[in-house]
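Good morning, and thank you for coming. Please look at the sequence and the structure as I bring them up.

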Amino acid sequence: MTFAQTYRSALIAGLLTAVFQTGAAAQANSAQGVNNVVIVHGAWADGSSWSKVIPLLQAKGLHVVAVQNPLTSLADDVAATRRAIALQDGPVLLVGHSYGGVVITEAGNDPKVVGLVYVAALAPSDGESVASVTKPFPPAPLGNEVRPDAEGFLTVTPKGIAEDFAQDLPEKEKQLLTATQGPTASAVFGGTVTTAAWKTKPSWCVIAGNDRAVPPELQKAEAAAMKAISITVPSSHVPMLSHPKEVADLIAQAAANAGSR
């Protein structure tokens, strides 16, 4: 065999090895799915609202970070979420509850984000806000129990938490939610999405069938518009607290498949 023939054979063998290794790595990555899960809370809440779901996801080997939104404006909350995404090593699955769905709809345009999960959440399209997407539906009962302060921040009354926000939770958990709720600037509900990430990224939805804060009919319409894989649970507005296993299972399913959809 001549030198040229030997060199050519070695080159071909090297290329085949590289292709095989690349393909094997891709298959391994596809099988492993997404490891990083960034979870975003909604209005009148904080990261502790995910306290039942986070251990279940960690038990499945997922790396979970809960964003602490300032709830001062949509722009501020998106910025907080983007900072959390930037700290992750690798692709990210972004999860949002309630108003947190608006936040992930905007923050999800980050190139690291490969999938979105909406939990009893709002998912506006381009140029839409909480106010605009809820307008076609009957007013949610929770709205009657929201009170403003002198600086334009809103809180929910204990009655609102007990009857319209978390009506299926034990009394002690309702009291905890009342005590830990994050006062929310009224301005967040008028903040508009520039580009809806769900238009280009796969989505999953948990629809809360007994929701008295975000109409279930709106959640179903959003899931259909996004062509999302969805489940419906007989839950109040906080399915991550009343049905944590179902919520965690859907998030894990999304993490396993986000890179392949």
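Which residues do ring pairs link into a cluster? They are Trp 44, Tyr 99 and Phe 189. Before I describe them, please note that this is a predicted model.

Let me take the aromatic residues in turn. The count of aromatic pairs comes to two. One of them is formed by Trp 44 and Phe 189, and this pair is tilted, with 5.6 Å from centre to centre and 40 degrees between the planes. It links distant parts of the chain: Trp 44 belongs to the loop between S1 and H2, while Phe 189 belongs to the loop between S7 and S8, 145 residues apart. Tyr 99 and Phe 189 also form an aromatic pair, which is edge-to-face, with 6.3 Å between centres and 70 degrees between the planes. Here too distant parts of the chain are linked, since Tyr 99 is in the loop between strand S3 (92-97) and helix H4 (100-107), 90 residues from Phe 189 in the loop between S7 and S8.

For Phe 189 the relative accessibility is 17%, and the residue counts as buried because the cut-off is under 20%. Tyr 99 is buried as well, with a relative accessible area of 1%.

I turn now to a histidine. Where does His 41 lie? His 41 is in the loop between strand S1 (36-40) and helix H2 (53-59). This residue is buried, and its relative accessible area is 1%. Its side chain reaches the backbone nitrogen of Asn 69 at 2.9 Å. A polar atom of the His 41 side chain also lies 3.5 Å from the backbone oxygen of Ala 45. Leaving aside residues up to four places away in sequence, His 41 touches several others, among them Asp 46, Trp 50, Val 67, Leu 71, His 97 and Gly 100.

A lysine comes next. Lys 199 is found in the loop between S7 and strand S8 (203-208). With a relative accessible area of 47%, Lys 199 is partly exposed. If residues up to four places away in sequence are not counted, Lys 199 touches Ser 125 and Asp 126. The C-alpha atoms of Lys 199 and Ala 225 are 9.1 Å apart, although 26 residues separate the two along the chain.

Let us move to the sheet. Three strands form an open sheet in the order S5-S6-S7, with antiparallel pairing. Why is one side of S5 and of S7 left without a neighbour in the sheet? Strand S5 (146-148) and strand S7 (184-185) stand at the edges, and each has a single partner strand, so one side of each has no neighbour there. S5 pairs with strand S6 (residues 153-156) in the antiparallel sense over three bridges. Val 146 has Val 156 in S6 as its bridge partner. As a general point, strands of a sheet pair through backbone hydrogen bonds.

My last element is a helix. Helix H10 (residues 244-257) has 14 residues, which should span 20 Å at 1.5 Å a residue; the end C-alpha atoms are 20 Å apart, which agrees. Which residues in H10 are buried? They are Pro 244, Val 247, Ala 248, Leu 250, Ile 251, Ala 252, Ala 254 and Ala 255. In general, an α-helix has 3.6 residues a turn, so residues three or four places apart point the same way.

Thank you for your attention.

Terms used
Residues numbered from 1 in each chain as written. Predicted model: local features only at pLDDT ≥ 70, side-chain atom pairs only at ≥ 80, totals over all residues. Heavy atoms only, no water. Pairing = 2+ DSSP bridges. Helix = DSSP H or I, 4+ residues; strand = E, 2+ residues; numbered from the N terminus. Buried < 20%, exposed > 50% of the residue type's maximum accessible area, 1.4 Å probe, protein only. Polar contact = N/O pair within 3.5 Å; in protein donor to acceptor, adjacent residues only side chain to side chain. Contact = heavy atoms within 4.5 Å. Expected span 1.5 Å × (residues − 1). Phe/Tyr/Trp six-rings, centres within 6.5 Å; stacked < 30°, edge-to-face > 60°.
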